Every structure is written in C-alpha cells, then in structure tokens.
Amino acid sequence: MITYILATCVPGNEKEVIQMIKEIPNVVEVNGIMGKYDIFVKIQAGEVMKVDLTISKVRSVPHVTSTVSIPAIYGQGGTIDSEK
C-alpha cells in the first residue's frame, strides 16, 4: 500500500522536519517542495495498520502544523499497478 502525505511546517524548520521524517519506518521518500505545502512524503507498507501508524508518526513530528494523506488506488492503470 502506497500513501502520499503533503505536510506543512513552521517556516524555517523544513530541513529539521525532513531529517526527522526520514528516520520514520515505512517512509521511502521525503522532499521539500514549494507552494501550499512544504514537504512531500511517500510511505509504503504492506498493512493498513502500518500505514496508519506511519501517518501518525509524521503528524507528530515537531513543527509539522498540518498534513493531507493521499492513498494510492490500485487497479486504475497507474505506475503502482506495474509494480506488482
């Protein structure tokens, strides 16, 4: 299961937040981005409970002010379908 997270954080703390998120299990990618959101996170886990736990850990990182979670949908012909 793949889920993307868009996070905002307190301005000036992006590098610190990214470093902390990198250490969370099941995080496979994290990058700073520009625009409405500050950080892009990709998580991948085999079980829904692990995804939920990872999202909770990202949300609890100091200086993270909000998140939006976007679960990927399998079976619509996207690139995640070809990963099987």
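How many residues does helix H2 have, and how far does the helix reach from its first C-alpha to its last? Select residues 48–59: H2 has 12 residues and reaches 17 Å, close to the 16 Å expected at 1.5 Å a residue. The expected span is 1.5 Å times one less than the number of residues. Helices (H or I, at least four residues) and strands (E, at least two) are DSSP runs, numbered from the N terminus.

This is a predicted model, in which local features need pLDDT of at least 70 and side-chain atom pairs count only at pLDDT 80 or more, while totals for chains, interfaces and linings use all residues. Residues are numbered from 1 along each chain as its sequence is written, and side-chain values use heavy atoms, with hydrogens and water left out.

Within H2, pick out Val51, Thr54, Ile55 and Val58, which are buried (under 20% relative accessible area; exposed is over 50%, partly exposed in between; 1.4 Å probe, protein chains only). Seen down the axis of H2, these buried residues fall within an arc of 100°, so they line one face of the helix. The arc is that of the directions from the helix axis to the C-beta atoms. Their packing partners are S1 (2–9), H1 (14–22), S2 (27–32), S3 (39–44) and S4 (64–71).

Next, select H1, where Val17, Ile18 and Ile21 are buried. They pack against S1, S2, S3, H2 and S4.

Finally, go to Ile33, in the loop between S2 and S3. Ile33 is partly exposed, at 33% relative accessible area. Leaving aside neighbours within four places in sequence, Ile33 is in contact with Leu6, Asp38, Ile39 and Phe40 (heavy atoms within 4.5 Å).
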